[in-house]
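Please read it beside the model.

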Amino acid sequence: MNNHKRVIVALDKPDFTSAIALAERLDPELCRVKVGKELFTASGPKVVEALHKLGFQIFLDLKFHDIPNTVAGACRVAADLGVWMVDVHAAGGASMMQAARNALGSPGANTPLLIAVTVLTSMDESALRKTGIEGGIDEQVKRLTELVDDAGLDGAVCSPLEASAIKRRHPRLITVTPGIRLKEDASDDQKRIMTPDKAVSAGADYLVIGRSITAAAEPVQTLADIQQLLG
Ligand code: C5P
């Protein structure tokens, strides 16, 4: 894969204007962009349309987690927006993921990639245990990824720490990893983190990078530096 296109910049901005102002400084040949809950709640589909006009492929990161019928409908509408990738929470279960798969149809050129979040990168062992899951992060990621594969999804969102195990067990699945930090960055609310080059070496296909780029003094230069690091 072209290493440049591995980077998905999280446009975690509170409004349409600041998100588009940042996107206008980025080159759609060199990265993809992610629209998440904050931006989509503020701006709705018009931000997707505007980013498409700028030439970007979009990961619509709304992490659907609901009853199967509702998630299927949401995925269908997301596909109608023409986005490149959508996601659901694997914890929603097998039927929910199968409903999402059926709603989008078989993987293909005009079908968004459908991926599922395993365990959020902001969670550590203690936080996961407090939700009632006793087995630990690795076991939970393993169990959820089996469901993701069985449901015929295209990939899993995980931390870079779990990417190599997922690739080993499920070579068919793509891995999308948030929790990316440069050496000098604060970890913020993320707990399971890695630098971009190490994440790719560990088996990450796509890197979701937010604050390391968006909060940098020079976001464009920071993205260029990351891409240089990836070679
Ligand atoms: O700023 P930072 O690089 O931590 O941003 C990570 C982005 O990836 C955020 O938009 C967050 O919603 C998203 N994300 C995540 N963990 C997941 C899935 C998505 O941090 N498991």
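1. The second largest pocket has a volume of about 320 Å³. A pocket here is an open set of points on a 1 Å grid over the protein atoms alone, where a 1.4 Å probe fits, with protein on both sides within 12 Å along at least five of seven lines. The volume is the space filled by probe spheres set on the points.

2. This is a predicted model, with local features needing pLDDT of at least 70 and side-chain atom pairs pLDDT 80 or more, while totals for chains, interfaces and linings use all residues. Residues are numbered from 1 along each chain, and side-chain values use heavy atoms, without hydrogens or water.

3. The second largest pocket is lined by 19 residues (an atom within 4 Å of a point). Nearest its centre lie R181, L182, K183, E184 and D185. α9 (196-201), α10 (211-214) and α11 (219-230) each give two or more lining residues. α11 gives the most, four. Helices are DSSP runs of H or I, at least four residues; strands are E runs of at least two.

4. The largest pocket has a volume of about 550 Å³. Of its 27 lining residues, K34, D61, K63, P178 and Q190 are closest to the centre. β3 supplies the largest share, three residues. The lining divides into 11 nonpolar, six polar and 10 charged residues. Asp, Glu, Lys and Arg count as charged; Ala, Val, Leu, Ile, Met, Phe, Trp, Tyr, Cys and Pro as nonpolar; the others, Gly among them, as polar.

5. For the second largest pocket, the division is seven nonpolar, three polar and nine charged.
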